[in-house]
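Please take a moment to turn the model around before reading on.

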Amino acid sequence: MKFGIVTFPGSNCDYDAYHAVVDQLGETAAYLWHKDRDLQGADVVILPGGFSYGDYLRCGAIARFSPIMDAVAAHAARGAPVLAICNGFQIACEAGLLPGALLRNASLKYVCEQRHLRVETTDSRFTAGYEKGQVVRIPIAHGEGRYHADDATLDRLEAEDRVVFRYVGADGGSDDRSNPNGSLRDVAGILNEGRNVLGMMPHPERAVEPLVGSGDGLALFESIVARVAA
Amino acid sequence: MPVTPRPGDPTITPALVAEHGITPFEYERLLAMLGREPTFTELGIVSALWSEHCSYKHSRPLLRTLPTEAPWVLQGPGENAGVIAVGDGLAVAFKIESHNHPSAVEPYQGAATGVGGILRDVFTMGARPIALLDSLRFGDLESPRVRYLFSGVVKGIGDYGNCVGIPTVAGEVVFDPAYEGNPLVNAMCVGLLKEEELIRAVAQGVGNPIIAVGARTGRDGIHGASFASEDLSEENEAKRPRVQVGDPFTEKLLLEASLELIRSGHIVAIQDMGAAGLTSSSAEMAARGDVGVVIDTTKVPAREEGMTPYELLLSESQERMLVVAKKGHEDDVAAILQKWDLTAAVIGEVIAEPVYRVTEGDRVVAEFPGIRLVTDCPTYEPEARESDAIRAQRETDVAAIAELPEESDPVWTLTRLLSSPTIASKRWVHRQYDTMVRTSTVIGPGGDAAVVRLRGTDKAVALKVDCNGRYCHLDPYEGAKQAVAEAARNVACAGGRPKAITNNLNFGNPKRPEVYFQLREAVRGMGEACRALQTPVTGGNVSLYNENPNGAIYPTPVIGMVGLVEAIAHVTPAHFRRAGDAIVLLGENTAELGGSEYLQRVHGLAAGAPPRVDLDAERRLIDALLDAIAGGHVASAHDCSDGGLAVALAECAVGDEERWLGADVDLSAWDALPRRALLFGEAQGRVVVSTAAPDAVVATAARLAYAARVVGAVAADAHGVPVTAAGGRFTAALAALADADGGAIPRLMERAASASATAGESRPHHTTP
């Protein structure tokens with residue numbers, strides 16, 4: 001299976017996504033340059049983390065206009081998988097691939113640390129390999145990760161089982177310290193209507209090896225491979 | 001063609017010369033070199049290159065005494081960064097640099113551009129940056145101004161490093177009134193390269209084009225190098241325009257473009273336009289290659305119209321590089337930069353004639369013979385004399401200082417020390433840094449040393465920045481020795497063999513005999529320690545004039561140490577890991593109390609002789625520790641430093657914030673020592689090890705004639721840390737220890753949040769010179 005990892009100017013987690021896919025999964029991957037229009041035959045597209053265009057305007061607001069994004073949108077419209085992580089999630093929201101927006105953290109500070117997430121649905125090609133309700137440890141690293149949408153959108157996301165991850169404490173419960181950024185309804189990751197685009201602020205590609213902190217994100221990539229291969 | 005002054009240039013007067021920081025003696029040398037009066041442009045060039053910051057004129061004779069060689073050193077001092085071989089055809093480039101003066105007047109941009117500059121120093125060697133570290137010093141956090149500086153510096157470091165995508169993996173933050181008016185911001189970068197990709201900033205090849213790359217040149221940071229070479233005063237607020245403005249996004253593009261350029265084979269040399277901008281980069285590259293260069297300032301891409309040669313040469317606009325390309329490859333260079341949306345402009349060329357020449361179109365506005373512009377700068381070895389007041393402080397009989405009534409409960413003292421901002425957890429700081437990007441951080445901030453694996457190998461590097469300024473104040477020779485020894489010990493605790501250092505010498509005004517004494521003695525101590533521990537100096541930075549009308553900082557020779565972890569299995573954390581493991585203390589407890597954080601925090605005193613360092617013993621300790629680690633016997637290792645043995649044990653217990661462990665400790669073997677010295681004294685050469693094989697650890701130490709003794713066992717968290725010592729037994733509860741350690745800085749900063757919400761928001765003023 002082939003992963004296509006988009007490199008925008010200012011992307012800096014493209015390299016980590018590449019190593020997660022190639023070194024840990026043994027799959028193939030190609031970097032997709034933002035000025036290109038061709039996905040090079042990728043089965044799965046990853047919009048990686050970083051600071052596209054320096055995040056000098058609203059995060060993701062410029063990157064959505066990159067030439068490659070037309071191809072990514074077409075790929076998503078075909079029902080093919082797109083994994084949008086951190087800055088990639090912000091870009092996907094700006095591009096209209098996912099509803100809502102990511103605002104500045106409630107603390108007004110950038111936060112980087114391991115966090116606990118609860119898997120809210122296994123009905124997706126990204127989370128089939130987890131147990132529903134499973135608590136996983138996956139790091140966050142962002143300054144603007146506070147998920148925001150109007151109540152109707154949030155209600156609909158919940159009704160359609162499209163909230164994939166929520167921030168929780170180590171015991172799976174929620175308290176005043178378990179939400180790191182003020183996201184509404186503790187949302188850490190969501191699906192689009194077609195359930196083929198996942199946007200999430202936490203970094204599963206940083207959680208594929210216990211040596212560097214956690215292996216809990218590996219199942220996400222394995223789920224994608226198992227589903228696409230099937 | 002003769003040199004001709006530009007119309008409108010100011011006349012050269014003694015006052016103008018003095019304003020440029022050039023002494024009458026130095027001006028005489030300049031006249032002798034040129035054989036005529038300099039132009040205004042030439043005066044500007046000389047003021048930058050002969051500034052302390054660029055010329056090291058008060059430190060060079062001392063720096064020459066430092067050891068710089070070892071079989072693994074590929075590049076020593078004198079380049080953008082030092083480089084050591086780490087096997088498998090790989091090499092590590094690293095360097096530390098200060099941004100003290102800019103950070104004192106504009107903390108956010110000052111710190112951010114410090115990170116940017118050190119990144120460029122490393123990637124211009126052909127290395128991809130893999131880690132950043134920071135050594136920071138501020139005054140007392142109770143002061144609103146200090147909180148403003150602290151939060152601005154932390155945000156500046158974070159915003160820059162996070163955006164470029166290089167993890168900040170370790171650092172130190174010290175708070176002491178000695179740094180009240182002069183915060184220290186030292187940033188270190190470590191990069192990885194293949195040995196054959198090492199490139200040096202040496203201009204070569206007559207006819208080769210000189211190309212300016214990256215951001216355009218503006219009027220910011222003009223005279224930054226000279227600004228960093230004078231004392232701070234009230235007037236420095238007015239020098240805010242001398243602080244540069246950082247753009248990490250452009251830096252990220254420049255990083256990728258530069259590495260692509262270096263690997264393309266189209267260039268022969270590349271250097272950051274850092275301090276003194278175009279002037280120093282071009283002059284230094286020419287001097288290293290012993291060639292001539294000519295630069296036409298009208299070809300330099302400028303941000304605004306009407307910039308003079310003087311401004312273009314001295315601007316410290318950030319994110320710019322100077323490249324010497326191969327003749328005929330100009331278009332290839334431009335194409336690579338264009339891919340990254342960056343500009344490249346040919347602004348000059350390497351010439352056979354031995355001159356450094358600057359033109360403005362057809363007019364020659366500056367010309368210096370050969371490389372004398374760099375080599376003719378005088379060096380100074382001024383009078384050195386120890387301050388009587390400091391000697392008296394050192395000779396204080398600290399054992400005679402009466403205990404406070406509260407000290408009858410050692411848990412009170414321990415809690416007080418753990419909540420000292422210098423000792424307390426720096427989580428408030430490092431959770432604002434991306435510590436994990438590039439997914440190779442095996443041990444991040446909070447460990448004894450950071451460990452970053454070298455992808456594609458089974459190896460890792462262990463990294464540490466360290467210095468105890470109070471020790472150096474009381475005894476600069478012993479203090480500098482200690483800084484090297486402690487950094488080495490920390491690296492060894494994490495499983496690494498210490499290999500080499502980069503140093504950042506932060507001192508006051510060297511023209512004062514007591515300051516020059518400190519500098520001289522610190523360099524002597526550092527050299528001795530580096531020789532004994534076989535960790536040569538591969539480069540570094542000197543920051544003098546860190547003083548203001550209220551006095552100088554503590555002498556602070558910061559050590560940035562790089563060690564090599566031979567196998568990933570050797571990586572060792574600082575905190576306890578398993579209940580039931582034995583606790584072994586390597587080293588001896590002593591009655592030393594001088595220079596301790598205990599005296600500072602509990603008694604408000606910087607006094608006494610700092611703890612003695614036995615370099616031969618330190619070497620045996622490192623060998624013993626690394627042998628025991630390689631033997632698979634060590635579960636954790638943590639060195640005893642600020643706050644002594646009691647603080648080290650507490651940190652071992654609550655260091656893993658996700659899982660605390662208790663410990664049962666018996667120190668009755670040292671009942672002869674005063675209790676406070678045993679618990680809180682800072683005797684050197686001590687490491688707390690936890691192990692499932694205490695006999696093997698003790699035997700390993702014995703083979704190297706190093707003291708080792710089982711002092712207790714790791715226990716479940718509910719057990720707390722009961723300690724038997726000095727005929728009594730006291731128990732510290734983990735929640736209280738963790739609260740003191742983890743809560744100290746957040747509480748101070750939250751209380752202050754409303755008062756200084758402006759940190760990091762301020763924008764630099766733009767101005768015309």
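How many of the 10 residues of helix α3 (residues 40-49) of chain B are buried? In this predicted model, the count is 10 of the 10, so helix α3 of chain B is largely enclosed by the rest of the structure. Among these buried residues are Phe40(B), Glu42(B), Ile45(B) and Leu49(B).

**Two buried residues of chain B**

Thr359(B) has its place in strand β12 (residues 355-360) of chain B, and with a relative accessible area of 10% Thr359(B) is buried, because buried means under 20%. A polar atom of the Thr359(B) side chain lies 3.4 Å from the backbone oxygen of Gly361(B). Leaving aside neighbours within four places in sequence, the residues in contact with Thr359(B) are Val294(B), Ile295(B), Asp296(B), Thr297(B), Val364(B) and Val365(B).

Ala480(B), in turn, sits in helix α19 (residues 476-493) of chain B and counts as buried at 0% relative accessibility. When neighbours within four places in sequence are left aside, Ala480(B) is in contact with Cys472(B), Ala522(B), Gly525(B), Met526(B) and Pro557(B).

A search of the whole structure finds 0 disulfides over all chains. Cys54(B) is buried, with a relative accessible area of 15%, and Cys377(B) counts as buried at 4%.

**Where chain B meets chain A**

On chain B, 33 residues are in contact with 33 residues of chain A. The area buried between chain B and chain A is about 2700 Å², and carbon and sulfur atoms give 55% of this area. On the side of chain B, Phe249(B), Arg431(B) and Met436(B) lose the most area to chain A, together 22% of what that side buries.

Across this interface of chain B and chain A there are 7 salt bridges, and 17 residue pairs are in polar contact. Several elements of chain B each supply at least two residues of the side that touches chain A, including α8 (144-164), α10 (248-264) and α13 (330-339). The residues on that side of chain B divide into 12 nonpolar, 8 polar and 13 charged.

**Salt bridges**

Over all chains the count comes to 65 salt bridges.

| Pair | Distance, N to O |
|---|---|
| Asp23(A) and Arg455(B) | 3.6 Å |
| Asp70(A) and Arg37(A) | 3.7 Å |
| Arg185(A) and Asp155(A) | 2.8 Å |
| Arg162(A) and Glu160(A) | 2.6 Å |

For the salt bridge of Asp70(A) with Arg37(A), Asp70(A) lies in helix α2 (residues 68-77) of chain A and Arg37(A) in the loop between β2 (28-33) and β3 (44-47), so the pair ties together parts that are 33 residues apart in sequence. Asp70(A) is exposed, with a relative accessible area of 55%, and Arg37(A) is exposed as well, at 58%.

In the pair of Arg185(A) and Asp155(A), Arg185(A) is partly exposed at 27% and Asp155(A) is partly exposed at 41%. Arg185(A) and Asp155(A) also belong to a network of salt bridges that includes Arg118(A), Glu120(A) and Arg166(A). Finally, Arg162(A) is buried at 5% relative accessible area, whereas Glu160(A) is partly exposed at 30%.

Conventions. Residues numbered from 1 in each chain as written. Chains lettered and ligands numbered in written order. Predicted model: local features only at pLDDT ≥ 70, side-chain atom pairs only at ≥ 80, totals over all residues. Heavy atoms only, no water. Disulfide = S-S within 2.5 Å. Buried < 20%, exposed > 50% of the residue type's maximum accessible area, 1.4 Å probe, protein only. Helix = DSSP H or I, 4+ residues; strand = E, 2+ residues; numbered from the N terminus. Contact = heavy atoms within 4.5 Å. Buried area = accessible area lost by both parts, 1.4 Å probe. Salt bridge = Lys/Arg side-chain N within 4 Å of Asp/Glu carboxyl O. Polar contact = N/O pair within 3.5 Å; in protein donor to acceptor, adjacent residues only side chain to side chain. Nonpolar A, V, L, I, M, F, W, Y, C, P; charged D, E, K, R; others polar.
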